[in-house]
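User: I want to know what stands behind the labels used for this structure. Please take me through some of them.
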Amino acid sequence: MSKKLTLDKLDFQIINEMTADSQISYADLGKKLFVSGGTIHVRIKKLQEIGIITGTRMTVDVKELGYDVIAFVGIYLLKSSMYEEVAKELKKIPQIVRLNYTTGTYSMFAEIVCKDIQQLKQVLHDKLQYIKGIERTETLISLEESFSRNVLVQNESDMSE
């Protein structure tokens, strides 16, 4: 919680701008936010040091690269205490791009990206089903992703406006 308390309006503006365009130069970002490029550099370094910014990512349109199948898999565990060891094994499967430990119907929920249905079948049948601790799975295939976005972060004083 102390990390959040050290952030001000400029920090949140920097986070939001960099989330929208991580390739913007510090000088251009400084102009946009009416501060120097040096100030942007110092603030970003501070955000990295306290662990709020942990890296930058490139967004890739996987469909353009031939990955036509996105599926979500609800995973039922034999025992919830097996989460860590199952998560470790699931991390070894490169087609799994996101994994969450959840409440509700499933113990875990995974997002899988594959080139085609055959590759999805191979991941589900030949890999997932052999992981010790998985009782069963339920697969949902995405027909279309309507949108994907980052959360807009705000400091507490901006939220009340």
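Analyst: Asp11 sits in helix 2. Helices here are DSSP runs of H or I with at least four residues, numbered from the N terminus. The model is predicted: local features need pLDDT of at least 70, side-chain atom pairs count only at pLDDT 80 or more, and totals for chains, interfaces and linings use all residues. Residues are numbered from 1 along each chain as its sequence is written, and side-chain values use heavy atoms, with hydrogens and water left out.

User: Why is Asp11 called buried?

Analyst: Buried means under 20% relative accessible area, exposed over 50%, partly exposed in between (1.4 Å probe, protein chains only). Asp11 has 0% relative accessibility, so it counts as buried.

User: What is Asp11 in contact with, leaving aside neighbours within four places in sequence?

Analyst: Thr6, Arg43, Lys46 and Leu47. Contact means heavy atoms within 4.5 Å.

User: Why do the buried residues of helix 4 line one face?

Analyst: The buried residues are Ile40, Arg43, Ile44 and Leu47. Down the axis of helix 4, they fall within an arc of 100 degrees, so they line one face. The arc is taken from the directions from the helix axis to the C-beta atoms. They pack against helix 2 (9-20) and helix 3 (26-33). The face turned away from the buried side carries exposed Val42 and Glu49.

User: What makes Met58 exposed?

Analyst: Its relative accessible area is 68%, so Met58 is exposed. Met58 lies in the loop between helix 4 and strand 1 (69-77); a strand is a DSSP run of E with at least two residues.
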